[in-house]
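Thanks for coming, everyone. Please have the sequence and the model open while I talk.

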Amino acid sequence: MGLLECCARCLVGAPFASLVATGLCFFGVALFCGCGHEALTGTEKLIETYFSKNYQDYEYLINVIHAFQYVIYGTASFFFLYGALLLAEGFYTTGAVRQIFGDYKTTICGKGLSATVTGGQKGRGSRGQHQAHSLERVCHCLGKWLGHPDKFVGITYALTVVWLLVFACSAVPVYIYFNTWTTCQSIAFPSKTSASIGTLCADARMYGVLPWNAFPGKVCGSNLLSICKTAEFQMTFHLFIAAFVGAAATLVSLLTFMIAATYNFAVLKLMGRGTKF
């Protein structure tokens, strides 16, 4: 079999749902982590510049922000590795399912790829045999782990539930900034509201961002409007929106992974292959 024919067979057997979910997962996590990190930094600057002059008032907030930023680093690393594992699982289980239905001959393609990587059987010295043996051991170890799709279904289900909470929490800063932006719009266009401009305020203490004894803790009237017009406020607001979109994309990718893995596991189980194949 030629290399092109082998690649064509592999593409036919590619798990397109897992490929799309992996790309969406990487995109969503990168957007969530990158934009979320910068948005938290912008929030810290806005609080210490406009809402409180006493460091003791927002010291706890800064510690929380820094802790979340470290969590973001770990989240990005974890999802990169787990997304790669889920993609490998998708290739592994999809190949087995299509082999059952006769749509994809994994053994033929596997032989073609093996011959391409190892250079065939002829003229292979001890070094080539050692490399082939090492590659075989790696594939065997990986196959033992990937041969349990039920574990991936359970882990992905639990991770989806956890990420659903993250998605809900990512909507909170968007809500706070949107309320502040709406208040600024009312100040900029006083004809749209019957309230006095001086009574229209954004109170960080009301959302638990600052303690109630923080001073001033809130900004009202034209001072609030000037804050909303700054590039720092606008950028932070849009970064939180982008992080929210990234969290939504990651949630969709996890749901796609879970559906694909559940389907493959159910087919293999019903066809009598068990959880090991």
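Start with L31. Leaving aside neighbours within four places in sequence, L31 is in contact with G36, A242, A243, V245 and G246. Contact here means heavy atoms within 4.5 Å.

A word on the basis. This is a predicted model, so local features need pLDDT of at least 70 and side-chain atom pairs count only at pLDDT 80 or more, while totals for chains, interfaces and linings use all residues. Residues are numbered from 1 along each chain as its sequence is written, and side-chain values use heavy atoms, with hydrogens and water left out.

Back to L31. It lies in helix α2, residues 16–51. Helices are DSSP runs of H or I, at least four residues long, numbered from the N terminus.

Now T250. It lies in helix α8, residues 231–270. How far apart are L31 and T250 in sequence and in space? They are 219 residues apart in sequence and 9.4 Å apart in space, C-alpha to C-alpha. Is T250 buried or exposed? T250 is buried, at a relative accessible area of 0%. Buried means under 20% relative accessible area, exposed over 50%, and partly exposed in between, with a 1.4 Å probe and protein chains only. Not counting residues up to four places away in sequence, T250 touches C25, G28, V29, F79 and W163.

Pick up W163 from that list. Beyond four places in sequence, the contacts of W163 include F32, T75, F79 and T250.

Next, the core. The largest nonpolar core has 46 residues, and I47, F79, W163, L210 and L224 touch the most other members. Two or more residues come from each of α2, α3, α6 (149–188), α7 (221–228) and α8. The most come from α2, with eleven residues. A nonpolar core is a set of buried Ala, Val, Leu, Ile, Met, Phe, Trp, Tyr and Cys residues joined through side-chain atoms within 4.5 Å.

Over to F91. This residue is found in helix α3, residues 55–101. F91 counts as partly exposed, at 39% relative accessibility.

Last, the charges. Which residue meets R205 in a salt bridge? It is D203, at 3.0 Å, N to O. A salt bridge is a side-chain nitrogen of Lys or Arg within 4 Å of a carboxyl oxygen of Asp or Glu. By this rule the count is one salt bridge. R205 is buried, with a relative accessible area of 14%. D203 is buried too, at 14% relative accessibility. In general, side chains of opposite charge can pair when their charged atoms come close.
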